[in-house]
Amino acid sequence: VIAEVARPMEPRFVLIGYSLAGMELTPAIATILGMNALTNCVNLEICDGAVTVTRPVFDSTMHAQVALDGNDSAVIALQKGSFKAIEASTKQAAIESVSVDVAAIPARSKVLAISDEPAGDVDITKAEIVVSVGRGIGTEEKISIIADLAEALGGVLACSRPVVDVGWLPRERQVGASGRTVTPKVYVACGISGAIQHLTGMRDSHRIIAINKDPNAPIFGVAHIGVVGDLFEIVPALTKAAKEARAARD
Ligand SMILES: Cc1cc2nc3c(=O)[nH]c(=O)nc-3n(C[C@H](O)[C@H](O)[C@H](O)COP(=O)(O)OP(=O)(O)OC[C@H]3O[C@@H](n4cnc5c(N)ncnc54)[C@H](O)[C@@H]3O)c2cc1C
């Protein structure tokens, strides 16, 4: 439908969100319209008519800038949260109603069922303190170090996606674009690099504390407090301090 609506306009660009649907639609629309497909983009720059997009590569450890040739056209799928929200404009956009004969477009797939995600034992979106563990933890057994800090602070344990993908924690603990969005009073990121897909799910937290041994980790770009160092030294020390503070208070 999108391709049929776009075709008569002969667009140079079709912008689409890099959601689950966007992942499927981008190459399909591009193929139908004979355009380039650029997925998973985190930035788009237009300078003197030249268009460059930025895409994470090698599991988000690097970014590639892709420049479009001359007047090449493209369907560009942008990651959620890539751009800051702009002030609402007073300008009125022209809205054009287009009728499409959907029945005439052959459907090659159909939805058989939609099932709800099973409810987990904890709702990380409701917690005031979230302590999150990333791939920097190294092994499953060591997650207890981060869980101890979460408990000492009276918070809940959450994680980045790789921790879920390897099966160390359940999906309902995942923060990010394909997980939950959290806005706690305090978010502690331990061994998390700060890929855009993770930041999307936690960047609006009131206080962000990041612990990472890499001073150039992108997580420090959103952190209010950044600790550059080994989490295996810092987290146990924080847990001890939190327990002592609690004991003194009680
Ligand atoms: C469509 C799509 C959706 C995605 N959705 C999500 C999502 O919802 N949530 C999400 O999190 N990701 C998501 N991702 C994955 C995302 O791109 C990153 O790969 C992921 O966030 C990286 O997780 P990480 O920071 O734990 O691991 P890494 O990027 O590997 O970072 C590990 C960090 O640990 C640090 N570290 C290592 N050892 C130590 C130590 N001893 N002490 C301190 N620091 C240490 C390293 O310096 C590094 O910065 C998605 C990707 C795609 C393509």
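This is a predicted model: local features need pLDDT of at least 70, side-chain atom pairs count only at pLDDT 80 or more; totals for chains, interfaces and linings use all residues.
Trainee: Into which domains is the protein divided?

Mentor: Domain bounds come from an automatic or database domain assignment. Here domain 1 covers 2-82 and domain 2 covers 124-249, with their C-alpha centres 32 Å apart. Residues are numbered from 1 along each chain as its sequence is written. Local features need pLDDT of at least 70 and side-chain atom pairs pLDDT 80 or more, while totals for chains, interfaces and linings use all residues; side-chain values use heavy atoms, without hydrogens and water.

Trainee: How many residues of domain 1 are in contact with domain 2?

Mentor: Contact means heavy atoms within 4.5 Å. Nine residues of domain 1 are in contact with seven of domain 2.

Trainee: What is the area buried between domain 1 and domain 2?

Mentor: The size of an interface is often given as the accessible area lost when the parts come together. The loss is found with a 1.4 Å probe and summed over both parts. Here the buried area is about 580 Å², and carbon and sulfur atoms give 45% of that.

Trainee: How many salt bridges does the rule find across the interface?

Mentor: A salt bridge needs a side-chain nitrogen of Lys or Arg within 4 Å of a carboxyl oxygen of Asp or Glu. Across this interface the rule finds zero.

Trainee: Which ring has the charged end of lysine 142 over it?

Mentor: The rule asks for NZ of Lys or CZ of Arg within 6 Å of the ring centre and within 35 degrees of the ring normal. The ring is that of phenylalanine 232, with the charged end of lysine 142 at 5.1 Å from its centre.

Note on methods:
Buried area is the accessible area (1.4 Å probe) that two parts lose on being put together, summed over both.
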